[in-house]
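Try each task before reading its solution.

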Amino acid sequence: MPGEPGRPEREPPVRVLSGIQPTGRFHWGNYFGAIRQYIDLQTAGEAFYFIADLHALTTVREPARLRELVRAAAVDLVALGLDPARATLFVQSDVPEVTELTWLLMTVCPMGLLERCHAYKDKKSRGLPADAGLFTYPVLMAADILAYDATLVPVGEDQVQHIEVCRDLAGAFNHLYGHVFTLPAPRLVAGGAKVPGTDGHKMSKSYDNTIEVFEEPAAQKRKIMRITTDSRPMEQPKDPRGDHLFELFALVAPEAERRRMAELYRRGGFGYGEVKKALVESASAFFAAARARRAELEADPARIEALLADGAERARRQAGAVLERARDACGLTRGATRARRR
Ligand code: TYM
C-alpha cells in the first residue's frame, strides 16, 4: 500500500546496465542479443555500459591483444549507435570499487551456487583447465551490476543464470545487513535471445561458429556461403521456423524480404545457395551505416580515449557511493576510516 511505513512509495527509477567481454570482435549474437538492446534502452533511463576486461582476463593472456580488443570494442559500440552523451560507456577495470565489492559478495556466496554455473561447468566437462577467476566469474559480474544500482540488465539468454546468481547474492547480503542492494532483472529480446551460429548451435566464440559484425566483406561472404544446411531436395517445401539459415536472414532482412523468403521456404523449389546470397546482401546493407561510422571513429583515436575517461569518472562516482553503503552496512567503516576515505 502506498505510504505504508517501511515500503518505498515508488518503483526505483530505471537504471540500465550491461557489460560485454572484449575477447574477440563482436559477432551477431552479441549484437542482436545485447548491443541492439543497449542502444534501444539508452533513452529509457540512466544507462551504464562497460567493456568487461577483467572478465576477459580469464581467456585473453596477451597484454597487447587485450589492449587492442578493448579499444576496438569501444569503437564498435559507438559505431553501432551507443551514444556517450546519453549512456555512460567505460572500461570495467577503470572502476576498482567493483573488485572490492566482489570480495564483500564473495563472503556471502555459497560454493554450490558457483559450482552450478554453466560457464564453469561447460569448461570442466570439456576437460579444459579452469582457474579461480573462471569459477568466481559470476561474483564479479554480480558486483558489476550491484555497484550501479541497476534495475534492468539487457543480455542474451546465456547470461540469465548469472543474473539469478546476482539476485541471490544481493538478497543474502541484504538479509544479513539490511537493505543495501537493488535487485536487478534481466531483459531479453524476442528473436535475438539465442542467435544461432553458422552450424546451428548457439553463436559463440568458443564454438568457432560466429559471423562478426565488422568482418571483412569477402571473409564474411565465405562464412555465410559455408553455413551448414540439411540435404533435403530443392523441390521439397520447408518450414522456415527453426531453420538457422532463415533465422540469420530474418535478423538482417527488411520485413517484406523476410516474408517473401518465408513464403519461398514453404513453397519449396529453391536452393539454399539463393538464401545465402540474399543473406550476404542483406547483412551488408544492414551494417553499412555502422561500418562507415566505424571508419570515421578509427580516424580519431583521441576521441574514444576521452570518452572512456569521462565514462570511468562517472561510473566511479556511482560505484563509490554503493561500495560505501555496503562497507558501512557490514561494519568495515568506523568514523575515522569514513572520514579518511572521503
Ligand atoms: P559476453 O561477452 O559473452 O556476451 C555479451 C552479450 O552478448 C550476448 N550473447 C548472445 N545473445 C544472443 N545469442 C547469442 N548467440 C549470444 N552470444 C552472446 C550475451 O548474452 C551478452 O549479453 N558475463 C558477460 C559479460 C558481463 C556482464 C556483466 C553482462 C560481465 N559483467 C554485467 C551483464 C552485466 C559475458 O560474458 O557476455
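**Exercise 1. A helix pair**

Which residues in H8 meet which residues in H9? Then classify the contact and the packing.

Solution. The model is predicted.
- Step 1: From H8, take Tyr137, Pro138, Val139, Met141, Ala142, Ile145 and Leu146. Their partners in H9 are His162, Ile163, Val165, Cys166, Leu169 and Ala170.
- Step 2: Sort the contact of H8 with H9 by class: 12 nonpolar residues, one polar and no charged.
- Step 3: Turn to the geometry. Two packed helices are described by the angle between their axes and the distance between the axes.
- Step 4: H8 (residues 137-146) and H9 (residues 160-177) pack at about 70 degrees, and their axes lie 9 Å apart. H8 is therefore roughly perpendicular to H9.

**Exercise 2. A helix length check**

Find out what span helix H15 should have, and compare its end C-alpha atoms.

Solution. 
- Step 1: H15 covers residues 301-330, which is 30 residues.
- Step 2: At 1.5 Å a residue, H15 should span 44 Å.
- Step 3: The end C-alpha atoms of H15 are 43 Å apart, which agrees.
- Step 4: Gly331 follows H15 and has a positive phi, near 95 degrees.

**Exercise 3. The whole chain**

Describe the fold content and the overall dimensions, then judge the confidence.

Solution. 
- Step 1: The chain has 16 helices and five strands.
- Step 2: Its radius of gyration is 22 Å, close to the 20 Å from the globule rule for 342 residues, so the chain is as compact as a globular protein of that length.
- Step 3: The C-alpha trace spans about 80 × 50 × 45 Å along its principal axes.
- Step 4: The average pLDDT is 93, and 95% of the residues score at least 70. Residues 1-6 fall below 50.
- Step 5: Where pLDDT is low, the predicted coordinates should not be read in detail.

Conventions. Residues numbered from 1 in each chain as written. Predicted model: local features only at pLDDT ≥ 70, side-chain atom pairs only at ≥ 80, totals over all residues. Heavy atoms only, no water. Axes fitted to C-alpha atoms, helices over the stretch in contact; angles between N-to-C directions. Helix = DSSP H or I, 4+ residues; strand = E, 2+ residues; numbered from the N terminus. Parallel < 35°, antiparallel > 145°, perpendicular 65-115°, else oblique. Contact = heavy atoms within 4.5 Å. Nonpolar A, V, L, I, M, F, W, Y, C, P; charged D, E, K, R; others polar. pLDDT = per-residue confidence, 0-100. Expected span 1.5 Å × (residues − 1). Rg over C-alpha atoms; globule rule 2.2 N^0.38 Å.
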